[in-house]
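Hi,

Here is the structure I said I would pass on.

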Amino acid sequence: MDIGNILSTALTQAFGPSALMLIIAAIGLNVQFGYAGLLNFGQAGFMAVGAYGLAVTVVTFGQNFWIGVLAALAAPVVLALVLGAPTLRLRADYLAIATIAAAEILRLVFGAVETKEVFGGSNGLNGYAGTFQDLNPYDAGIDLGFVSYSRNDLWAITVGWTIVLLTCLLVWLLMRSPWGRVLKAIREDEDAVRSLGKNVYWYKMQALMLGGLIGGIAGLFHALRQASTVPSDFSTNITFYAYTALLIGGAARVLGPVIGGIIFWFLLSGLGATFSQLTSGPGPNLPTWIMDGTQSSLVRFIVTGIALMLLMIYRPQGIFGDRRELAIDGR
Amino acid sequence: MVPRFIALLVLLATLLIPTAAMASTTSPAPTGSPSPTGEGAPPAVDGPAVTINLTDRSNLDAEGNPTPVAGVTLTVVDAAGTEVGEGVTGEDGRAVIPVEERGQHTVRIEEDTLPEGISLDEDTPREVTVNVILDGPFNVAAFPIGVVEGETDSFLALFEVQLVSGIKSGLIIALAALGLSLIFGATGLTNFAHGELVTLGGIFTYMFDVTLGLGVIVGGILAVILCGAFGWAQDKALWQPLRNRGTGLIAMMIVSIGLGLALRSIYQYAIGSRRVPLSQYTTQQRQDFGIVELAWKEVAIVVIAVVAIAVVCITLMKTRMGKAMRAVSDNPALSASSGMRVDSVIRTAWILGTALAGLAGVLFTLNQQLNFQMGFKLLLMVFAAVTLGGLGTIWGALFGGLVIGIMTELGPIFGVPSSIKEVGALAILILILLIRPQGILGRRERIG
């Protein structure tokens, strides 16, 4: 086993583009779940419509790149309206049911044989990211010894961290504004806020749209840096990666999803690299009847699921959160 | 403390037994052999790719070679179960499909894309496994299929067939929905791990049937019993302690989704991402029953589901336990103060709910094949069903399940693409939430 290699992989990953996509998605969830108490189990769906908003506009309809970006920002807001309109007046689990079902079915539609003309089937769409790549100001990649990024990744993480910075700033400004205080009050006691004459439904809708928009930006970012959009990138598991990241850092804290995302992706990549080392090569350290190469890639999902349960049971406030602030209850 | 410890042990054991038992049975599938019809230079592909020669062995040409089949879509799935590519066979019956990584891949045939009027015969496997070991299109596999002339069905005949298959899947959905509604009624928790409880029924059946060789019927019965035990164990070890701590419902929903994710991945760890068949009753000739043609196993599925639903409904209406369950679901605090043991009522709901989900899984596996995410896919239908019928109501689960099942199966003959027939269920879900959020048979106070 090569521990230096594992650490280096994990550290590179923790600040790299994949972690950034997760962090941005988790910031969106933070607005919805952390501040407004909305249970969005379909963040993957918002990410998918963001990514496909760009890809379809540019590739299928042959429009300009920037029109595609606009479409990518509009699509998740529309999705939030469609899913929020029927469910936000109801108990919390209806939103959860509608979002998880919508995310899964969107993924099926994007990958279906019958819609191949528009969405490219399971091979997805590519050839829309030229403008983004041309904007790359770097001449070469970066190698700091322990971590290194290629030229494309370096550009992607520059853009990604700028997005993280801007969205965090936006969330910080919004949540100390009167609007944010109403949102937090809705999370604590909806009826009390309603009795003060606020339109609770509309505030929740705004939070859902804002969180969905940030989720869509995460999808857009993923589509740009990967230069191809495939439906399998937006499986339901991504949503729960983002939840775990958010809960590690602490919900309802501006930097919670950022710190949580870095820690989560560091641990997950480290774990993945460890098990892949243990099971690869001739005469692997772990006998193949216990675990083979394919199974080693599943360990991360099992660990994420168990981590999500344990976090919610034993430390729902995460590292930075305040337990009193997160006594959310539905019934 | 001791019973909780035992419950934890049961929970762990039920999870580990299938994993351990199946790790030894999942030997790698044989790799595809190079094709005999190797003429024509393969097109240039950088990186790993799969080349498939699709031939029809039931139509031989003059030299006795199987004839190539053109224009059929093949889908490639990697070992983790995600679709990584697809291709359409050319005039020579060949498709070259680039994939991202080397390793074991499964190629599935999309039956809808077969030439008009023919369908696969009973002996044809629906998928082949290819081991991608080289870059470029040199990983060749032959995919011989046998076809039969499908009669060009009249609309009415097609309608009949789809209606029957809709009733069948509707009853399976209703069984799972009944379990979800029972648990919801007793605890207020929407259990997002319910789909995994459905898959658990299939996994146990597979374990008893294939690994231990007890046969499908014994395996299915044992699976339902073990699922009930799992329901007891998960309430004892997980949900009751959470209730006692006063954990909120939203927190519990997130716990349930974490449990679902973990269970689903453990299943995939154990059986891989293939569809695995049971040992018996996989293909059965359909008998003519006058109006419809049905295989005996389909008759069995319908009868078992109807009997199970009827028994549960009558139990809930007539027995003391049923009355207690309805009382707890209406008002837990009042039930407790009138001397009911709320915890044991909730425990019963978990046992019964999980056993019903397990039964749905057994029937689902019997109807199709076992797959690690079949339950999760079914869960979306179940959600649509309970929302349509009314969350927490018994008759609502039954009614909603049947409507959703029939509607998704009838969709394709009215022009809904069959690979996305679930979209209709989502449309219904959103529509019903807009116009009548409590569902057709639900009550208003349950929803706000």
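Predicted model: local features only at pLDDT ≥ 70, side-chain atom pairs only at ≥ 80, totals over all residues.

Residues are numbered from 1 along each chain as its sequence is written, chains are lettered from A and ligands numbered from 1 in the order in which they are written, and side-chain values use heavy atoms, with hydrogens and water left out.

On to the interface. Taking contact as heavy atoms within 4.5 Å, 56 residues of chain B touch 61 residues of chain A. The two chains bury about 5,200 Å² between them, 73% of it on carbon and sulfur atoms; buried area here is the accessible area (1.4 Å probe) lost when two parts are put together, summed over both. In chain B, Ile250(B), Ile254(B) and Tyr269(B) lose the most area to chain A, together 14% of what that side buries.

Over all chains, though, the search gives twelve salt bridges. One of them joins Glu298(B) and Lys168(B), at 2.6 Å from N to O. That pair links distant parts of the chain: Glu298(B) sits in helix H6 (residues 296-318) and Lys168(B) in helix H2, 130 residues apart. (Helices are DSSP runs of H or I with at least four residues, numbered from the N terminus.) Glu298(B) is buried at 5% relative accessible area, and Lys168(B) is buried too, at 6%; buried means under 20%, exposed over 50% and partly exposed in between, using a 1.4 Å probe and protein chains only.

Asp235(B) and Arg243(B) also meet in a salt bridge, at 3.2 Å, with Asp235(B) buried at 0%. In the pair Lys421(B) and Glu409(B), at 3.3 Å, Lys421(B) is partly exposed at 24%, whereas Glu409(B) is buried at 14%. Over in chain A, salt bridges that share partners join Glu190(A), Asp191(A), Arg194(A) and Lys204(A) into one network.

For Cys227(B), the nearest cysteine sulfur is that of Cys313(B), 20 Å away.

Cheers

Definitions and conventions: Disulfide = S-S within 2.5 Å. Salt bridge = Lys/Arg side-chain N within 4 Å of Asp/Glu carboxyl O. Helix = DSSP H or I, 4+ residues; strand = E, 2+ residues; numbered from the N terminus.
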